[in-house]
Amino acid sequence: MKRARSHPGWWAFIVHRVSGIALALFLPAHFLALGTALSGEARLDEFLRWTDRPLVKAAEWILVMLLAAHLAGGLRLLALEFLPWREWQKALAAAAAGFAIAAGLLFALAR
Amino acid sequence: MTLRVRAWRGGAEGRFQEFEVPRRESQTVLDVVTHIQRHIDPSLAYRFACRVGMCGSCAMTVNGKPRWTCRTHVDKVAKDGRLELAPLANLPVVRDLVADMREFFDKWARARGQFSPTATRADRFAKVEPQGAERREADAGIECIGCGVCYAACDVVAWNRDYLGPAALNRAWTLVNDARDGGNAERLRAVAGDAGCHSCHTLMSCTELCPKQLSPTRSIAGLKRATRGVAFGGEGE
Amino acid sequence: MSVRLEARLWWAQRVTAAFLAFFVAVHLATIIYAVHAGLGAAEVLARTRGNVAWALFYSLFVLAASIHGAIGLRTIAAEWLRWRGAPANAAAASIAVALALLGLRAVAAVTLP
């Protein structure tokens with residue numbers, strides 16, 4: 001597709017959509033993992049120990065970033081669609097990105 | 001100094017043909033296309049009219065972006081001496097660089113982009129406060145000349161065949177805010193739903209590229225609010 | 001699908017988004033706190049088991065996310081997979097229901113005493 005795309009609104013959209021897809025795919029797995037607690041604490045503990053490996057930890061970090069990015073992008077959209085229009089709203093894309101990165105940093109540093 | 005120009009030849013099926021065009025100072029892309037047609041290949045089909053940035057007829061895809069060729073300086077876009085010209089995207093091709101604009105205007109009509117009068121010549125003038133909120137909203141979008149650049153730039157138009165597109169929705173918004181117009185019940189229904197404003201994802205390519213600096217995104221955001229009645233209220237108001 | 005229903009789906013998307021903004025903010029803060037405090041299964045479950053507030057919070061979270069996600073996936077299927085119409089709508093509805101069921105089961109798993 002050869003459309004002109006290198007502007008903030010486009011990037012905001014693609015991040016929002018891709019993060020949404022990733023989260024939608026992750027959610028069932030997340031629910032199933034938590035559901036193992038039904039079989040008792042031991043099952044959940046077993047699963048949580050399985051997640052104690054670097055690749056999984058990295059994936060978790062990415063998911064947290066994606067969640068934060070999707071949230072920030074979503075707030076930007078709600079602002080653009082429901083608040084009176086102002087020109088600086090274009091800068092909301094940058095603000096959203098900043099928020100997502102901040103959240104990711106917090107998560108990484110919290111470990 | 002020469003420019004290497006690739007121009008689309010043919011219809012939906014076709015190929016890019018290469019031309020070498022002498023480079024000149026203050027040259028516009030329209031100058032380039034005109035040179036090709038007049039001095040190299042008279043069979044090249046393209047559109048233009050006013051050539052001074054008023055009519056929008058010369059809109060086409062220049063190096064991947066829809067622009068007005070008469071208002072695009074070669075220096076600004078042909079960084080490495082190369083130009084790629086194609087007809088406007090998202091529209092059927094008539095021939096070479098000419099796009100078929102019928103679908104664009106059909107959607108304009110489907111969005112009820114026509115004025116619905118509520119008075120006759122026998123009535124007094126309508127008194128519309130120019131600085132009122134509604135009139136200012138309408139005025140922000142009223143300068144559209146239907147060039148099709150926004151339509152060609154919009155990814156949602158590419159992904160959703162029924163999507164009315166930025167220009168049609170922008171025009172509908174100006175009429176929604178026109179105090180003299182009486183067609184809002186039908187109009188708001190026409191611009192709602194998956195074919196209407198609710199499919200806009202605020203990509204803002206339209207706003208980014210509009211040669212008249214309009215913001216269809218802003219107008220469509222207004223329509224999203226204005227169509228609340230279509231979703232929940234009585235018929236469309 | 002009628003224009004009215006399509007418009008309602010858009011509103012459902014936005015309304016659930018507004019609720020999710022709050023739920024996700026709380027969830028993110030909770031995750032960061034839990035990770036920081038190095039919580040294992042026992043500690044996590046100790047906090048959630050028998051806790052009505054968490055049960056309510058996560059149940060609403062699950063319902064909002066199921067609706068929001070399903071509507072989003074429907075749009076993506078229509079635009080990127082060219083899948084529209086009754087079968088696609090049915091699939092989206094099924095996804096909403098499946099997510100809600102799986103999610104409520106998970107909430108039960110961690111909050112039932």
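Okay, let's start with a pair of strands in chain B: E3(B) and E4(B) run antiparallel, and four bridges join them. Before I go on, please keep in mind that this is a predicted model. If you'd like one spot to look for on your screen, find Met60(B), which stands opposite Arg67(B) in E4(B).

Now zoom out a bit. Where does that pair sit in the sheet? The sheet in chain B is an open one with five strands, and the order across it is E2-E1-E5-E3-E4. Which strands are at the edges? Those are strand E2, residues 14-22, and E4 of chain B, and each of them pairs on one side only. As you step from one strand to the next, the twist averages 35°.

There's a helix on this sheet too. Helix H1 of chain B, residues 29-40, packs on the sheet, and the strands touched by H1 of chain B are E1 (2-10), E2, E3 and E5 (82-86). Its direction makes about 95° with that of E2(B).

Next, the domains. How is chain B divided? There's domain 1, covering 2-99, and domain 2, covering 102-232. Taken over C-alpha atoms, the centres of these two domains of chain B are separated by 29 Å. And the two do touch: 13 residues of domain 1 of chain B are in contact with 14 residues of domain 2 of chain B.

Here's where our opening pair comes back. On the domain 1 side of that contact, the elements giving two or more residues are strand E3 (59-62) and strand E4 (65-68) of chain B. What kinds of residues make up that domain 1 side? You'll find seven nonpolar, three polar and three charged ones.

Last stop: chain C. Between chain C and chain B, 10 residues of chain C are in contact with 10 residues of chain B. Which elements of chain C give two or more residues to the side touching chain B? Helix H1 (3-36) and helix H3 (52-80) of chain C. H1(C) gives the most, with seven residues. By class, this side of chain C has six nonpolar residues, four charged ones and no polar ones.

Key: Residues are numbered from 1 along each chain as its sequence is written. Chains are lettered from A and ligands numbered from 1 in the order in which they are written. This is a predicted model: local features need pLDDT of at least 70, side-chain atom pairs count only at pLDDT 80 or more; totals for chains, interfaces and linings use all residues. Two residues are in contact if their C-beta atoms, placed from the backbone, lie within 7 Å. Ala, Val, Leu, Ile, Met, Phe, Trp, Tyr, Cys and Pro count as nonpolar, Asp, Glu, Lys and Arg as charged, and the others, Gly among them, as polar. Domain bounds come from an automatic or database domain assignment. Two strands pair if DSSP finds at least two bridges between them. Axes are lines fitted to C-alpha atoms, for helices over the stretch in contact, and angles run from 0 to 180 degrees between N-to-C directions.
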